[in-house]
Amino acid sequence: MSAPLSKPTQNTKKLNLQTRPRPVIINAGTTDKSLLGKYMFKYLRQRRHFILLAIIFSAFLSLPIFSRLAIDTVFKPLINEQNAGMTAQLPKILSDLEILQAHPVFPAQGYRHNAQFVLLKYIPMDGIENTSAKNPRYDSLLKITDQYNGWRTEDKTLKNMLKDKELMSLDTSWLKRLEEFDHWNYSSHKEILSSLSPIRDVSGITRLEIFSQLPQPTFNLMRSWAILHFIRMQKIGKGAEALKTYRQVAFLLHSAGNLVASMTAYSMLKDEYMLLGRFPVKGWQPIPVYYIEAYSRVTWAWMGILRLPYFTEFPHALYRYLTPQNGLCAGARDAVSSFTLYRDFFEPQTYFEANFASNIAYTKKLYIKIKTECNLNIYNKFLDRSPASLDYFSSFTLDETIFKRSKNTEYNFSLIDNWIYLPYVRRLVGLMYFSAGSPMNYAMPYESRKKKFTGLNEVNFL
């Protein structure tokens with residue numbers, strides 16, 4: 001048998017008391033704050049991973065609530081306020097559209113004969129270094145907008161321009177061929193098609209960057225060609241015939257589906273009055289100025305109107321006016337390009353996310369219609385969601401050589417982190433982007449419009 005256990009001695013008890021950890025007792029009235037701090041630091045350090053996880057988990061749970069509150073209390077009211085500026089002008093816009101419907105400034109356009117093949121030889125594309133249109137002989141044409149810019153109002157400048165042998169010797173007979181075409185689709189240019197080729201595989205943000213840097217014609221040079229052709233032809237008594245070609249050039253600019261081109265066409269129509277005042281021409285009737293101004297106003301307005309269904313109802317009364325003759329296509333091209341980013345941020349939906357399904361369905365149907373009306377099939381892929389929004393846990397890199405002609409060398413064309421497409425975050429990012437608005441106020445022509453017109457500004461030229 002083993003020996004019975006002996007009672008602990010006094011020394012043993014003393015030893016046990018010394019080795020046993022002492023509890024930290026903090027009295028309510030203690031002044032030893034350093035002891036409290038050390039204890040709390042030790043406690044937090046031992047449980048830091050648990051606390052960090054709890055913070056992350058709490059933040060994750062609060063994100064849907066925060067996102068929904070931010071959308072309902074901040075961003076939606078801000079966007080509604082911006083849209084109200086456009087919808088407030090709806091009666092004036094409808095008035096202009098009724099005028100254009102009854103008195104179209106430009107004829108209906110078909111899409112059978114594209115003038116691009118001819119214009120490619122004479123109108124250079126900004127953003128493309130080497131083209132057949134960049135003929136050194138054509139450089140003298142720039143004098144019309146540079147050296148002789150005041151020729152419309154200054155007699156001396158006009159005389160100097162008419163005496164410029166280098167300018168007046170340019171052959172403009174090729175413009176007569178433009179009367180054979182029913183539209184101008186410059187987006188069929190091979191360089192533009194090449195730039196659009198990666199659209200299927202890149203993010204919505206990169207798509208917008210590609211779109212913003214697409215080459216486009218120097219539209220104002222086309223206007224200069226038409227003016228020079230008229231000046232040369234009126235000298236031999238064919239001023240009215242030259243103005244017919246001049247009007248066709250304005251029509252082709254209108255059909256290009258570009259805001260700059262449309263505004264160039266608008267300026268050309270107004271210049272007809274100046275040309276008839278400066279040069280003796282018989283048998284030509286310019287378009288009433290009131291119709292021309294209505295065309296300009298609605299062309300600007302479409303840029304804003306076509307974004308209304310993103311967050312509100314599209315005015316049903318406008319649906320019957322969705323035609324190229326009413327200045328639709330300049331706004332349609334821009335709207336189609338931005339729709340890809342809109343779908344990325346607002347089409348997917350998970351629990352507690354704001355629902356934009358009805359807006360997306362209606363807007364897509366609307367854009368398919370205007371894409372067909374305006375011959376924008378080249379931009380089809382902009383109507384689809386990007387890979388980043390379909391799989392936001394993936395990452396992809398876009399080869400920067402695609403953008404070797406880009407003027408913006410600081411832009412990062414690679415999307416490494418797709419966190420902006422994560423649930424809840426995507427709504428916030430999307431609303432921040434679209435609530436920022438456009439730097440251009442497309443309702444401004446109506447806000448600054450004078451009192452209602454009481455008569456037509458028609459002038460008969462014999």
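Trainee: Hi! Which residues in α4 meet which ones in α13?
Mentor: Hello! On the α4 side there are I93, D96, L97, I99 and L100, and they meet Y290, Y291, A294, Y295, R297, V298, A301, W302 and I305 in α13. Keep in mind that this is a predicted model.

Trainee: And how do the residues of that contact divide by class?
Mentor: The contact of α4 with α13 has twelve nonpolar residues, no polar ones and two charged ones.

Trainee: At what angle do the two helices cross?
Mentor: The axes of α4, residues 90–102, and α13 cross at roughly 125° and come within 9 Å. That angle makes α4 oblique to α13.

Trainee: Is the crossing left-handed or right-handed?
Mentor: For α4 and α13 the crossing is left-handed.

Trainee: Let's zoom out. How many helices and strands does the protein have?
Mentor: Its secondary structure comes to 18 helices and two strands. The protein has 462 residues, and 47% of them are buried.

Trainee: What about the largest nonpolar core, how many residues are in it?
Mentor: That core has 130 residues, and L178, W225, W302 and L306 are those with the most contacts inside it. Helix α13, residues 289–305, gives the largest share of this core, with twelve residues. As background, nonpolar side chains tend to be buried together in soluble globular proteins.

Trainee: Leaving aside neighbours within four places in sequence, what is L178 in contact with?
Mentor: With those neighbours set aside, L178 is in contact with A115, V118, L119, Q248, V249 and L252. Across the protein, 80% of the contacts with a separation of 6 or more are between residues 24 or more positions apart.

Trainee: New topic: where is F352?
Mentor: You'll find F352 in the loop between α14 (328–346) and α15 (357–373).

Trainee: Is F352 buried or exposed?
Mentor: F352 is exposed, because its relative accessible area is 64% and the cut-off for exposed is over 50%. Also, F352 and P423 are 71 residues apart along the chain, with their C-alpha atoms separated by 9.9 Å.

Trainee: You mentioned α14. How does α14 pack with α17?
Mentor: α14 and α17, residues 425–435, pack at an angle of about 145°, and their axes are 8 Å apart.

Trainee: Which residues meet there?
Mentor: S338, L341, Y342, F345 and F346 in α14 meet R426, R427, V429, G430, L431, Y433 and F434 in α17. By class, this contact has eight nonpolar, two polar and two charged residues.

Technical notes: Residues numbered from 1 in each chain as written. Predicted model: local features only at pLDDT ≥ 70, side-chain atom pairs only at ≥ 80, totals over all residues. Heavy atoms only, no water. Core = buried A, V, L, I, M, F, W, Y, C linked by side-chain atoms within 4.5 Å. Buried < 20%, exposed > 50% of the residue type's maximum accessible area, 1.4 Å probe, protein only. Helix = DSSP H or I, 4+ residues; strand = E, 2+ residues; numbered from the N terminus. Contact = heavy atoms within 4.5 Å. Axes fitted to C-alpha atoms, helices over the stretch in contact; angles between N-to-C directions. Parallel < 35°, antiparallel > 145°, perpendicular 65-115°, else oblique. Left-handed = near helix turned anticlockwise from the far one by under 90°. Nonpolar A, V, L, I, M, F, W, Y, C, P; charged D, E, K, R; others polar.
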